Every structure is written in structure tokens, then in C-alpha cells.
Amino acid sequence: MFYEPKKKNHGLAKNPFNSLIVPRPIGWISSVDAAGIHNLAPYSFFNAVSYQPPTVMFSAGAGANDDRLKDSARNIEQTGDFVCNLATWETRDAMNQSSVTAGPEVDEIALSGLTAIPSQLVKAPRIAEAPVHLECRYIKSVEVPGWTEADNYRVIFGEVVGIHIDDSILTDEGLVDIRKMGIISRLGYNDYARVDADSVFSMERP
Ligand SMILES: Cc1cc2nc3c(=O)[nH]c(=O)nc-3n(C[C@H](O)[C@H](O)[C@H](O)COP(=O)(O)O)c2cc1C
């Protein structure tokens, strides 16, 4: 089959686009607003884009407030930093809960039953239950041209200035033990995948 996204002529039960770009890592983004209210939300339009400096990005769609920004995007643009926490099998329900559409006055870390702990270098809090935290300084936002006025995606870039790794996921050889991380990723529809000992394989580069 072939279809043109703008014509929406796929003829399938659901838009297949995000079922094709898979698996997507989940950036579980914590931030704080100017009044000190904590915010947390998962973003699967998320990835690392460079090693030096280590840089990550996520893309936030239109929010429900008058400024049409999601709370994460507004907070980060105002306060200048965020933390990317890694979501795991253990925290999957809390991660999902934190995607609820709640007003900016709601602390979604507390709402999700999670523990906020201070960061070393940035104002945004970390999630104690996550095994890895990337402390990020906001670099810039890039707006994605939309088809209509309703489309409002903006990509937020951040430099990773501090990285916390729980010692329990490091091997004696000094490697990150992907089999122990229990990392989860986003697939299409309501589906997710978990990385475990059965799903990992290795290949030498030529
Ligand atoms: C696994 C998962 C991935 C998500 N990825 C995105 C995404 O990449 N971009 C986006 O705009 N919303 C995404 N969402 C929805 C947001 O998490 C949701 O709109 C949330 O309320 C935004 O919160 P905020 O306004 O506090 O930033 C995702 C939700 C889930 C459960």
C-alpha cells in the first residue's frame, strides 16, 4: 500500500505513522515552573542527537492552555532546564499516570505517587524511582511547521550537563547492564516493549 499522510488516505483502522517509527525511547521529562511547582510527563518523540556535548531533544504537541503549550515546554522555556528520567518496567504505571492532562498547578510527580529529589546542577527535580537521570540545560526550541493552526509541535533541545546512574545497573566491568535496566519503549497504539535478556543481541561493527 501507499498513502500520502496529508491526504489521510491510508484507509486503515488507525493512523499507522507512530506504529512504524518504533521502538521509541521514552523521555520522562521532569521540570519546575517559576512558582516552584513540579511537572512530569512522558515524551516518546524523544532521542539523543549528539555526543559532544551530549544533547537530547523531545517534541511537545499543542497543550490545553491558552498559550497552547504543554506544561513541560512552557516550564523549560521559562526556567531554562529539565531532567530526563528513564522509564522502566517497574515504573510503567506511574509513567502512564504522569501523562494525564492536568493543569499547570498540579504537581504530577506527587500525583503519580513518585518521589521528587533535588538535582545537582539544575532546578528541575529528579524522579527517585528512575535508575537514570539526565540533568539538562535548555538550549533552544524549534517549531515544526504545521498543516493547520491547530498543529503546534515544538522540539526542545537540551544539553545533558549531569548524568546519574544507579550503581545497581552497572556491571563489575564498568558497563551499563541493559538486561538489568528494565527499560521500556513506546510502540504504536497502546503498545510498549520491554528490553530484557531475551531481546538483546550484539554485533561487531565492520
Ligand atoms: C508513553 C507516552 C509518550 C508520549 N509522547 C508524547 C510526545 O512525544 N509528545 C507529546 O506532545 N505528547 C506525548 N505524550 C502525551 C503527554 O505525555 C501528555 O500530553 C502530557 O499530559 C503532557 O504533560 P505536560 O503538559 O505536563 O507537559 C505521550 C504520552 C505517553 C503515555
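Reader: Leaving aside neighbours within four places in sequence, which residues is Ala34 in contact with?

Author: Contact requires that the C-beta atoms of two residues, placed from the backbone, lie within 7 Å. Leaving aside neighbours within four places in sequence, Ala34 is in contact with Gln78 and Thr79. The C-alpha atoms of Ala34 and Asn75 are separated by 7.4 Å, although these residues are 41 residues apart along the chain. The model is predicted: local features need pLDDT of at least 70, side-chain atom pairs count only at pLDDT 80 or more, and totals for chains, interfaces and linings use all residues. Residues are numbered from 1 along each chain as its sequence is written.

Reader: Where does Ala34 lie, and is Ala34 buried or exposed?

Author: Ala34 lies in the loop between S2 and S3. Such labels name DSSP runs, numbered from the N terminus: helices (H or I, at least four residues) and strands (E, at least two). A residue is buried if 20 or more other C-beta atoms, placed from the backbone, lie within 10 Å of its own, exposed if 12 or fewer, and partly exposed in between. Ala34 has 10 C-beta neighbours inside 10 Å, so Ala34 counts as exposed. The hairpin of S2 and S3 has five residues between the strands, and there Gly36 takes a positive phi near 95°.

Reader: Which faces of S3 are covered?

Author: In a regular strand the side chains alternate between the two faces of the sheet. Here both faces of S3 are covered. His38, Leu40 and Pro42 are buried on one side, and Asn39, Ala41 and Tyr43 are buried on the other. That makes six of the six residues of S3 buried.

Reader: In what order do the seven strands form the open sheet?

Author: Two strands pair if DSSP finds at least two bridges between them. The order is S3-S2-S6-S9-S10-S5-S4, with antiparallel pairing. S3 and S4 (46–51) stand at the edges with a single partner strand each, so one side of each has no neighbour in the sheet. From one strand to the next, the twist averages 35°. S2 and S3 run antiparallel and are joined by six bridges; Ser31 stands opposite Asn39 in S3. S4 and S5 also run antiparallel, with five bridges, and Ala48 stands opposite Val56 in S5.

Reader: How does H2 pack on the sheet?

Author: H2 touches S2, S3, S5, S6, S9 and S10, and the direction of H2 makes about 55° with that of S2. Axes here are lines fitted to C-alpha atoms, for helices over the stretch in contact, and angles run from 0 to 180 degrees between N-to-C directions. In H2, Asp71, Ser72, Ala73, Arg74, Asn75 and Ile76 are buried. After H2 comes Gly80, whose phi is positive, near 90°.

Reader: Which residues touch the most other members of the largest nonpolar core?

Author: A nonpolar core is a set of buried Ala, Val, Leu, Ile, Met, Phe, Trp, Tyr and Cys residues joined through C-beta atoms within 7 Å. The largest one has 35 residues, and Trp28, Phe82 and Cys84 touch the most other members. Two or more residues come from each of S2, S3, S5, H2, S6, helix H3 (92–97) and S9.

Reader: Which residues come nearest the ligand?

Author: A residue is near a molecule or strand if its C-beta atom, placed from the backbone, lies within 6 Å of it. Of the 19 residues around the ligand, Ala41, Phe45, Gly61, Asp71 and Ser72 come nearest. S3 (38–43), S5 (54–60) and H2 (71–79) each give two or more residues to the shell. S3 gives the most, with four residues. The shell divides into six nonpolar, nine polar and four charged residues.

Reader: Which residues fall into those classes?

Author: Ala, Val, Leu, Ile, Met, Phe, Trp, Tyr, Cys and Pro count as nonpolar, Asp, Glu, Lys and Arg as charged, and the others, Gly among them, as polar.
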